[in-house]
Amino acid sequence: MGLFSKEVKKPESIIIKGKKLKCNFCGHDKFLQREAQLNTKGATMLGLDWINKSAHCYVCENCSNIQWFLEK
């Protein structure tokens with residue numbers, strides 16, 4: 001794979017703390033995984049965005065609803 005190529009990921013079932021994740025909106029159970037940085041004003045103002053926490057995001061394959069979790 002090239003430096004800038006992205007691997008196409010398929011939606012999958014997600015288990016969090018022993019429970020199968022289901023979409024809060026439509027009830028679907030397949031998600032694409034993403035990670036998002038939780039920026040704060042102070043860290044951004046000082047150019048320290050890298051110290052902010054990240055969240056795990058799961059995007060519903062059916063309706064695109066996003067569910068956020070701080071821990072996996």
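Modeller: Seven residues form the largest nonpolar core: Ile14, Ile16, Leu21, Cys23, Phe31, Tyr58 and Cys60. A nonpolar core here is a set of buried Ala, Val, Leu, Ile, Met, Phe, Trp, Tyr and Cys residues joined through side-chain atoms within 4.5 Å. Buried means under 20% relative accessible area, exposed over 50%, and partly exposed in between (1.4 Å probe, protein chains only).

The model is predicted: local features need pLDDT of at least 70, side-chain atom pairs count only at pLDDT 80 or more, and totals for chains, interfaces and linings use all residues. Numbering starts from 1 along each chain as its sequence is written, and side-chain values use heavy atoms, without hydrogens and water.

Take Phe31. Leaving aside neighbours within four places in sequence, its contacts (heavy atoms within 4.5 Å) include Ile14, Leu21, Cys23, Tyr58 and Cys60. Lys10, Pro11 and Gln67 are also among them.

Now the sheet. Three strands form an open sheet in the order 3-4-5, with antiparallel pairing. Strands are DSSP runs (E, at least two residues), numbered from the N terminus, and two of them pair if DSSP finds at least two bridges between them. Strand 3 (31–37) and strand 5 (66–69) are at the edges, each with a single partner strand, so one side of each has no neighbour in the sheet. From one strand to the next, the twist averages 25 degrees. Axes for this are lines fitted to C-alpha atoms, with angles from 0 to 180 degrees between N-to-C directions.

Strand 3 pairs with strand 4 (residues 54–60) over seven antiparallel bridges. Leu32 stands opposite Val59 in strand 4.

How values were computed: Helices (H or I, at least four residues) and strands (E, at least two) are DSSP runs, numbered from the N terminus.
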